[in-house]
Amino acid sequence: MTETNANEERMLEDIFAAARREAPEPSPALMARILADAEAVQAADTARRAATIRRNSRRPGLFASAITALGGWGAVGGLAAATLAGVWIGFTGMGALGSTAAGLWGAAESAATVDLIPGEADFAALGIGLEG
């Protein structure tokens, strides 16, 4: 560190020490204006909150009550999807369902004859013996 930097730092430290000793006090007029402004802001905020409470204290309408009774927007969305699926199946009929099932499980089986529980032949194909 050079001599110039050390002198500058000592001068700055002296200035900061003097500023710490002589802290300025705000004038009473300034404090009165700040407090008057704060009271005006608080009064406006209180009035705004009171208006919000009055506006929100109304009873909910029939539509909002029905949605709440059904379980909220998620439940209403599920009911709407199920309704549209039912309308679609009712409109197109069940004839197309047979060809869809044949495409999924093969032409020899239908949706009514699908074996969901594995039998002895299925285990034999895997090489697992059943002991009875």
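Helices here are DSSP runs of at least four residues, numbered from the N terminus. With that in hand, welcome to this predicted model.

**The overall picture**

Reading from the N terminus, the elements of the protein follow the order α-α-α-α-α-α. That gives six helices and zero strands. Of the 132 residues in the protein, buried ones make up 3%. The protein exposes about 11,600 Å², and carbon and sulfur atoms supply 65% of that area.

**A nonpolar patch**

Let us start with the surface. Leu 12, Ile 15 and Phe 16 make a nonpolar surface patch of about 300 Å². One of these residues, Leu 12, sits in helix H1, which covers residues 3–21. Leu 12 has a relative accessible area of 44%, so this residue is partly exposed.

**Two helices that cross**

Two packed helices are described by the angle between their axes and the distance between the axes. How do helix H3 and helix H4 cross? The axes of H3 (residues 62–70) and H4 (residues 73–92) come within 7 Å and cross at roughly 85°. An angle of 65 to 115 degrees counts as roughly perpendicular, and H3 and H4 are therefore roughly perpendicular to each other. On the H3 side, the residues that meet H4 are Phe 63, Ile 67 and Leu 70. Their partners in H4 are Trp 73, Ala 75, Val 76 and Leu 79.

**Charged pairs**

Side chains of opposite charge can pair when their charged atoms come close.

| Salt bridge | Closest N and O atoms |
|---|---|
| Arg 20 with Glu 13 | 3.6 Å |
| Asp 45 with Arg 48 | 2.5 Å |
| Asp 45 with Arg 49 | 3.3 Å |

Asp 45 and Arg 49 are four residues apart in H2, so about one helical turn separates them. Salt bridges with shared partners join Asp 45, Arg 48 and Arg 49 into one network. Within this group, Asp 45 counts as partly exposed, at 25% relative accessibility, and Arg 49 counts as exposed, at 53%.

Methods
Residues are numbered from 1 along each chain as its sequence is written. This is a predicted model: local features need pLDDT of at least 70, side-chain atom pairs count only at pLDDT 80 or more; totals for chains, interfaces and linings use all residues. Side-chain values use heavy atoms; hydrogens and water are left out. Helices (H or I, at least four residues) and strands (E, at least two) are DSSP runs, numbered from the N terminus. Buried means under 20% relative accessible area, exposed over 50%, partly exposed in between (1.4 Å probe, protein chains only). Accessible areas come from the Shrake-Rupley method with a 1.4 Å probe; for residues, only the protein chains shown count as cover. Patches are made of residues with over 30% relative accessible area and no salt bridge: like charges are joined within 9 Å, nonpolar side chains (Val, Leu, Ile, Met, Phe, Trp, Tyr) within 5 Å. A salt bridge is a side-chain nitrogen of Lys or Arg within 4 Å of a carboxyl oxygen of Asp or Glu. Axes are lines fitted to C-alpha atoms, for helices over the stretch in contact, and angles run from 0 to 180 degrees between N-to-C directions. Angles under 35 degrees count as roughly parallel, over 145 as roughly antiparallel, 65 to 115 as roughly perpendicular and the rest as oblique. Contact means heavy atoms within 4.5 Å.
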